[in-house]
Amino acid sequence: MTKKAVNSQWKGALLLPLLITGALATGSFYAQAAENQQQAEAPQPPDVRFGPLYHAIQSAKFFPDQKTFADAVPKYNPASILADWQMQKNQRNFDLRRFVENNFTVPGKPEAYVPPAGQSLREHINGLWPVLTRTTDKVNQYDSLLSLPKPYVVPGGRFREVYYWDSYFTMLGLAESGHWDRVQDMVDNFAYELDTYGHIPNGNRSYYLSRSQPPFFSLMVDLLAQHDGEQTYAKYLPQLEKEYHYWMADAQTVTAGSASKRVVKLKEGTVLNRYWDARDVPRTESYMDDITTAQKSPQRNKAELYRDLRSGAASGWDFSSRWFDDPNDLSTIRTTEIVPVDLNALLFHLEKTLSHASKVANKSDESQRYAELAEKRQAAINRYLWNDKEGWYADYDWKRNSVRTQLTAAALFPLYAKAASSDRAAKTADAVEKQLVKAGGLVTTNVHNGQQWDAPNGWAPLQWIAVEGLNHYNEQTLAKEIGMRFLENVQATYNREHKLVEKYVVEGNLGGGGGGEYPLQDGFGWTNGVTLKLMDMYCPQGITCNNVDDMKKTQ
C-alpha cells in the first residue's frame, strides 16, 4: 500500500460513516450533500489524519495535557509519517516517544507573563492586550491551526487560538481600552470563518470545525456598530444570515417530536435549538478523557456519549451538572436531549439583529420576517424554558417533555437578551439573589462535583450576563452587588498573585478556580474584558479607576 493510500484509507474509514449517517438523518439529501462537500474540503483534524497513530500517541500519555499533541505540527507529510509508523511500529527497538520527537514539533509550555512591578489592575490588563495578540494569516499546511486574515486576541495559557464566545467578552475590554481596530479585526475574522466554513467554529483549529459555540456574533456586530454606526449592520448582514442558517439547518424538514443537527421540533410544532457536534468520536483535544468516561459507562452507546460530550463542549459549559442526569456522574451527560435557555435567548437576539440589519439594508420584507421569528421564539422561551413551579428560567428536556428543575446562571440569559417578561425577570432575580449570589460573585450552579462549570466557580462572562440582564429590568442594586463582589475577588487575587485567571472561586476560600480537565489558566481574555467593563460601569463619570480601591474611594 502506498503512503498516499494509507492516509486516504484512514480519511475514508473515519469520514464515510459520519457523512452517510448525517445524510440519512436530514430528509434532504441534496442539502446534506452540499454541507458534506464543505466538510470534505475543510482541513482534517489530526485524529483523522493520523488515525491509529494518533490513538497510540495519546494512549501513551507522553504529555500531561492531551491538547498538546493535538496542537503539534507535523514536520513532514502526514501520509508519510503514518506510513513510516506502520512500517516501524513492530520493530523490536521502536521508540514511540522518539518517533514523535523526530516527526512533530510539539508546542512548549506557555511562558508566564511577568508584569512590570507596581502596575495597577487596569494597567496590567492594558499591558496584556499585545501579549495575547496573535497573527496567523499563514500557517503550516499540516498544522491543526486555521489561518485567519487579521490579528486576534487569544484567551491565554493553553488556549493558543481564538475562541468564539470568549472573544465577545474580550472585545468588550478591547473597546473599553480604545482598541477599536482590534475589535474590527476580530469581527472580520469571524465573518471570514462564516464565509469560509459556513459557521464560526469553537476555535480556529481543524479539530474544532465540527461544532460552534454560543452564538455571540450578533452581539459583536452590535458592539462594533456603537463605534462605526448603523451601516455596520448592513455590512455584516450576509454573515449574520449565514450564522442563522447554520443554527436553523433542517428546521423545515425535521418532524415533530424529533431533532436534527441543531434544531429541535417539539411535539406541537415549536422549533427551538440545541447544541450539537457533527462528530461522535472522542474529542481530539481531550481524547483519553473521553475514552475513560466511556469506559466508566459500558452500558451507554459510545457514539452517543461522545456526541454528548462534544456537544457539551459546544455549549461552552464543559462540563456542568446542567447537562447530566446524575449531577455527580459525567457519563450521564445528555446535552443533545436538552434545549438550553441561554442558546435560545442568544438566537432570539440574533433574530432581532437580523430584523434590524435587514431594515438598515432596506429589506423591509426580510426585516418583518425576522421580527416574526423573534416574536415566536420569545413566546416559546416563555412557554417552555420557564419553570413556573420554581419561578426561574431553565433548560427544557425535549425527550421527556419537561422543564428541568435546576437553577443555574444561565437563567439570566433571557434577561440579558430582553426576552423575559417583567414579572418573570423579577422572580428570576429573586431566586438568583437567594441561591446563586456568593461572597465573590455569581456562582455557576449550586452543585459541588468537581466540574469546572459548577460550584464553587464563578466565570467572568456569566457575571457580565447577570449584571447587564438585571440592569435591563431595573434590578440595579442586585446587579451592582454581583459586579462589585466579583471585582473585589479579581482585585484581591491580582494583589496576591499579580495575574488574572480563567475562573474564580466565589464561595468559601476566594481566588482562582479549579475543577475540570486541566489546571487553572492565566491570561485571561474574558476576565480582562469583563473586569474593565465592570470597573468603568461602577466608576463615577469622568473618573478613571485603576483598581477597585479607587472605585470605593469615589463612591
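Counting side-chain pairs gives 42 salt bridges here, in a model that is predicted. Alongside them, the structure holds one disulfide.

**A salt bridge between two loops**
- Asp-277 and Arg-211 form a salt bridge, with their closest N and O atoms 3.1 Å apart.
- Asp-277 sits in the loop between strand 7 (271–273) and helix 14 (287–295), and Arg-211 in the loop between helix 10 (180–197) and helix 11 (217–228), so this pair ties together parts that lie 66 residues apart in sequence.
- Asp-277 is buried, at 0% relative accessible area, and Arg-211 is buried too, at 1% relative accessibility.

**A salt bridge within a helix**
- Asp-430 and Lys-434 also pair through their side chains, at 3.1 Å from N to O.
- These two residues are four apart in helix 19 (residues 422–435), so about one helical turn separates them.
- Asp-430 is partly exposed, with 34% relative accessibility, while Lys-434 is exposed, with a relative accessible area of 64%.

**A salt bridge between sequence neighbours**
- The side chains of Glu-502 and Lys-503 meet in a salt bridge of 3.3 Å, N to O.
- Glu-502 and Lys-503 are both buried.

**The disulfide**
- Cys-539 and Cys-545 are joined by a disulfide, with an S to S distance of 1.8 Å.
- Both of these residues, Cys-539 and Cys-545, are buried.

Definitions and conventions:
Residues numbered from 1 in each chain as written. Predicted model: local features only at pLDDT ≥ 70, side-chain atom pairs only at ≥ 80, totals over all residues. Heavy atoms only, no water. Disulfide = S-S within 2.5 Å. Buried < 20%, exposed > 50% of the residue type's maximum accessible area, 1.4 Å probe, protein only. Salt bridge = Lys/Arg side-chain N within 4 Å of Asp/Glu carboxyl O.
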